[in-house]
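Reader: Could you walk me through the side-chain contacts in this one? I will ask as we go.
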Amino acid sequence: MSAVLRSLSDHELLSRTRALTAQERKVTLSLLLHLNEIERRSLYLKQGYSSLFDYCTSHLKLSESAAMRRIKTARCIARFPEVCALLEAGDVNLSTVSRVSAILTATNKDDVLMRIKGKSQRDVDAVVAEYAPRAAVPPDRVRTVMVPVAALGIRTPRVANDECNEIYRRSGGKDSATSEGETRTARSPKPETEMLAVIEFSARAPFMKKMRVVRSLAAHRLQGAVSFEHVFELLMDYFIEREDPERRHQRRESRAGAASKAPHENTDPRNIPAHIRDQVFVRDGGRCTYIGANGKQCESTHALQVDHIIPVARGGTSNIENLRLLCAKHNRLEAERLMGQWRPENRATRPEAALPASH
């Protein structure tokens, strides 16, 4: 291919590049329309994915940022089809449309779209800030960096010379053993690194006030300077210990020997006792158990709910064998499959909403 490109004249190379750019915009627009239809049919759910974002990143292999831009833009053109022509002409791009998608309305769309045509990301951000001052606040962000373990104050184990030689040899280096008279040298392995998450978010004054209180209360537990990481880890440990169904189940099991009282019989199939919910959570590994038509299990850990496999309306009970964990979207999908799509006018016959696993 490179040889063919080198044989092109300047005019031909520039002409082909323009044609490819126009073709890329058409293909991208077609992809956006396909994503809209996939979402309209909830096909990503039926394939075992918890969201369209999960489908784009896991199945289509898009990066997280690329998937988010395409999803936001696809939903924008579903609401305002006139954006399609601007995208195809190159007057706007995925970044600018995804940025203004949250502020576009039927009344301001003409003005906003006209103002962002051919504009830079900085100019578009200024337009967005006019309509939504809150949007001027930097969004939450997580990025990863690789840092030498030594920089974290963690002592790495010393490696003997023979072990160093073996590591070097396996990595493709020459054997350090030399002929007589030469000294035997050892090449040290590369320093260990650890991946760190750099988390950025904006916080209001009440948050910072609470942070100062927590840092003060935690000072007697934590030695030295109390970093934000220490504070958040302490709070997360406390929350998990209290709210994690697996931890609650373990505590309940440990108390079972001391309290030999017979379990209360549950006569209401719609009321799932807390200890049963926690058992379901532990048995299903804290993940959605929905399996798509292609054999893929969802495994989402977000917004999990305990679902009746056989609905209560059809005689299902709250025995653990008739219960499973589903994420909220797959719970609704299964309810619509079994009981029909619910509408507000059918409130009296609405399928029972499964209780959250954490209650």
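Predicted model: local features only at pLDDT ≥ 70, side-chain atom pairs only at ≥ 80, totals over all residues.

Reader: Which residue does Arg-115 bridge to, then?
Author: Arg-115 forms a salt bridge with Glu-130, where the closest N and O atoms are 2.8 Å apart. Here Arg-115 sits in helix α8 (residues 109-116) and Glu-130 in helix α9, which puts the two 15 residues apart. With a relative accessible area of 29%, Arg-115 is partly exposed, whereas Glu-130, at 52%, is exposed.

Reader: How many salt bridges does the count come to?
Author: The count comes to 18 salt bridges. One of them joins Arg-283 to Asp-284, with the closest N and O atoms 2.9 Å apart; Arg-283 is partly exposed at 42% relative accessibility, while Asp-284 counts as buried at 16%.

Reader: Which residues are linked in a network of salt bridges?
Author: That network is made up of Asp-307, Arg-324, Glu-334 and Arg-337. Two of its members also meet through strand pairing, as Arg-324 in β4 is the bridge partner of Asp-307.

Reader: How many bridges join β3 to β4, and do they run parallel or antiparallel?
Author: Five bridges join β3 to strand β4 (residues 323-327), and the two strands run antiparallel.

Reader: Why would you call β3 largely enclosed by the rest of the structure?
Author: Because five of the five residues of strand β3 (residues 304-308) are buried. The burial applies to both faces, with Leu-304, Val-306 and His-308 on one side and Gln-305 and Asp-307 on the other.

Reader: Switching to the nonpolar part, how many residues does the largest core have?
Author: The largest nonpolar core has 46 residues, and those with the most contacts inside it are Leu-52, Val-83, Leu-87, Val-100 and Ile-116. Helix α5 (residues 64-79) contributes the largest share of this core, namely five residues. As a general point, nonpolar side chains tend to be buried together in soluble globular proteins.

Reader: What is Val-100 in contact with, leaving aside its neighbours within four places in sequence?
Author: With those neighbours left aside, Val-100 is in contact with Val-112, Ile-116, Val-124 and Val-128.

Reader: Aromatics next: how many pairs does a search of the whole structure find?
Author: The search finds four aromatic pairs. One is Phe-201 with Phe-232, whose ring centres are 6.2 Å apart and whose planes stand at 75°, so this pair is edge-to-face. Phe-201 lies in the loop between β2 (193-200) and α11 (205-218), and Phe-232 in helix α12 (residues 228-243), 31 residues apart. Phe-232 also forms a stacked pair with Phe-207, at 6.4 Å centre to centre and 25° between the planes.

Reader: Which residues do ring pairs link into a cluster?
Author: The cluster consists of Phe-201, Phe-207 and Phe-232. Phe-201 is partly exposed at 37% relative accessibility, Phe-207 is partly exposed at 31%, and Phe-232 is partly exposed at 27%.

Reader: Last one: what sits over the ring of Tyr-49?
Author: The charged end of Lys-296 sits over that ring, 4.4 Å from its centre.

Note on methods. Residues numbered from 1 in each chain as written. Heavy atoms only, no water. Core = buried A, V, L, I, M, F, W, Y, C linked by side-chain atoms within 4.5 Å. Buried < 20%, exposed > 50% of the residue type's maximum accessible area, 1.4 Å probe, protein only. Helix = DSSP H or I, 4+ residues; strand = E, 2+ residues; numbered from the N terminus. Contact = heavy atoms within 4.5 Å. Phe/Tyr/Trp six-rings, centres within 6.5 Å; stacked < 30°, edge-to-face > 60°. Lys NZ or Arg CZ within 6 Å of the ring centre and 35° of its normal. Pairing = 2+ DSSP bridges. Salt bridge = Lys/Arg side-chain N within 4 Å of Asp/Glu carboxyl O.
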